[in-house]
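Notes follow in the order I took them.

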Amino acid sequence: EEMKALSIAVAAFSTFTTTRPRLFAFPNPSTSSLILPAFKLKGFSIFSVHQSPPALGFYAGVTTMVEGSAFQPLSVQVKDHIDLTPKEEQIFNRLLQVVEHYNMGTQLRVAGGWVRDKLLGKECYDIDIALDNMYGREFCEKVNEYLSASGEETQGVGVIQCNPDQSKHLETARMRLFDVWIDFVNLRAEDYSENSRIPTMNFGTAKQDADRRDLTINSLFYNINTRSVEDLTERGMADLKSGKIVTPLPPKQTFLDDPLRVLRAIRFGARFGFILDEELKKAAADEDVRVAITDKISRERIGHEIDLMMSGDQPVKAITYIADLKLFWAVFSLPSDFEPSIPDGCDRLCVSCLGSAWELLNLIGCSSFSDDQRRLCLYAALFLPFRETIYRDNKAKKIPVVNYIFRNSLKLKASDAETVMSLHTVTKKFVTLIPLLVSKEDIQVLEVDWKRDTIEVPIASKLRILTGLLLREIKEFWCVALLLSMQLHPVDIVSSTSFSNEDFELDKRSGLFKTVESAVRTLGLEKVWEMKPLVNGKEIMNILQIKSGGPVVREWQQKLLEWQLAHPSGSAEECLDWMKQAQSKRARTE
């Protein structure tokens, strides 16, 4: 076993140390102890064999992974106590002064994400205070009363009313202390009716409040009065340390009460790289829960959670969880009638496209893209298999099904839908230009099916016209369209080592992306959409001797744009001369 493990290490190093670190699995801890330290030094991530990442094949048949299985970090570094910043000390001391001054007997507890993040050693500025004997608004009024009595400036108090569609089930008061916004809310207990995710809210104990939270890692309190962490579910700290996503109460009932918690569990699991508890996964995949997600949650809330996943650090892992739990079509619901039909396993294909784009993004460098470009690139990749799928609206007009997903299934911005649909359109066109842009030989024929007619110019100038028109269509998202086109453009791969084919292909696509990007920049087209026309509409009408605009003027505007693209150094006078000659020739022909 030791020799087998060592031979695996040798093969792995020889294959991958010159490219990116990969993930490896070994038969058992004892046989892997020889080589794990060496792998760690090389930057490899080590996982136990029975919890390996999904869809990864490992060398020499050491193990076979179950598709979609979760994986677990070796350990999660969790502090035993919370270290407060000077600002947090100021805030908490002031709150205690108010409680003591008015002899209120209030227990002040910081709840939720702040406690979790501080224990993980992360800074968090989202402070939510839970009160055990009064409403948040009442406490804020006492704070201002104390400030006034002390000769200090009072602060405005904002009251956020109950808004179930935004997951605000209870009134929250907000005020600013030492330049930090603090939310105040009372401890509560919840009672859900059968057909609603909106609970009946009552004052509750700290234990009841902890139990009604979505996950044990989010149920921890920091008691300001005692300066201690409270784990009232008795497993929040343990789950945080072992990297587990668990509900405080039985998961199926938890999810049926509020199905949005399924998506939150997935999001936090992906965000922190934690394991989804087996009972939680079983409950999340239950048919009753799937129906509840469809019937009880507003589409706005589903879209908000998905958008947080796609904007986060682990979008592929999050969407993979959704597919693994058979929730893909409940989340990304389709219209009742669409064409062509979608084959079985299309959800897996969507996840695969997302994963490929994510890997390529990271290889090229996410910093090359804005946050919005990155987010919409991932959406466009996820829905790439739907790019040719349409449905008909009430007027029988053909609409891309992607439009339905954005506007109806996720209730995201209409502009997001428009951008992704444009990306799909331009990506298809980009594929036809790639061989021409990277060709090292003189191009003899240049024809594309999406632009049959252009002005008569040399082939090299025609390529600049077509590329410029394409970039003007998508503007600053052209690099995103280029990246997506890498998924559709065939790449020749020659490799005798099957283990490295995936890496070899990815490197080839990254290299092709950079080559095409360089070619576009060499043509001086990287901001071609900012190019101003040399000739305006009035001048066109003067040459044509017409008094009003219309289709003829628009036709010539297009021709003059093409001339400009073909002659990047041309002047307005040269452009007008060309138009006069072209118009004269056209008149003689007619």
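**Helix pair.** I am working from a predicted model. I started with helix α19 (residues 414–438) and helix α21 (residues 478–488), whose axes come within 8 Å and cross at roughly 65°. Angles of 65 to 115 degrees count as roughly perpendicular, so α19 is roughly perpendicular to α21. I noted the crossing of α19 and α21 as right-handed.

Next I listed who makes the contact. From α19 I have Leu 423, Val 426, Thr 427, Phe 430, Val 431 and Ile 434. From α21 I have Trp 478, Val 480, Ala 481, Leu 482, Leu 484, Ser 485, Met 486 and Leu 488. I sorted the residues of this contact by type: twelve are nonpolar, two are polar and none is charged.

**Seven-strand sheet.** I then traced an open sheet of seven strands, in the order β5-β6-β7-β4-β3-β10-β11. Its pairing is mixed. Which strands sit at the edges? They are β5 (157–160) and β11 (228–230), each pairing on one side only. Neighbouring strands of this sheet are turned by 30° against each other on average, direction ignored.

I checked one pairing in detail. Strand β3 (residues 108–111) and strand β10 (residues 221–223) are antiparallel and share three bridges. Arg 109 has Asn 223 of β10 as its bridge partner.

Two helices on this sheet went into the notebook. Helix α4 lies across β3, β4 (127–131), β6 (172–177), β7 (180–186) and β10, at about 20° to β4. Helix α6 (residues 136–149) touches β3, β4, β5, β6 and β7, and its direction makes about 25° with that of β6.

**Salt bridges.** I count 32 salt bridges. I picked out Glu 88 with Lys 118, where the N to O distance is 2.9 Å. Glu 88 lies in α4 (residues 86–101) and Lys 118 in helix α5 (residues 113–119), so this pair ties together parts that are 30 residues apart in sequence.

**Three-strand sheet.** Last, I looked at an open sheet in the order β14-β15-β16, paired antiparallel. Its edge strands are β14 (338–339) and β16 (398–400). Strand β15 (residues 390–392) is joined to β16 by three bridges. I found Ile 399 in β16 as the bridge partner of Tyr 391. Helix α18 (residues 401–409) lies across β15 and β16, and runs at about 65° to β16.

Note on methods: Residues numbered from 1 in each chain as written. Predicted model: local features only at pLDDT ≥ 70, side-chain atom pairs only at ≥ 80, totals over all residues. Heavy atoms only, no water. Pairing = 2+ DSSP bridges. Helix = DSSP H or I, 4+ residues; strand = E, 2+ residues; numbered from the N terminus. Contact = heavy atoms within 4.5 Å. Axes fitted to C-alpha atoms, helices over the stretch in contact; angles between N-to-C directions. Parallel < 35°, antiparallel > 145°, perpendicular 65-115°, else oblique. Left-handed = near helix turned anticlockwise from the far one by under 90°. Nonpolar A, V, L, I, M, F, W, Y, C, P; charged D, E, K, R; others polar. Salt bridge = Lys/Arg side-chain N within 4 Å of Asp/Glu carboxyl O.
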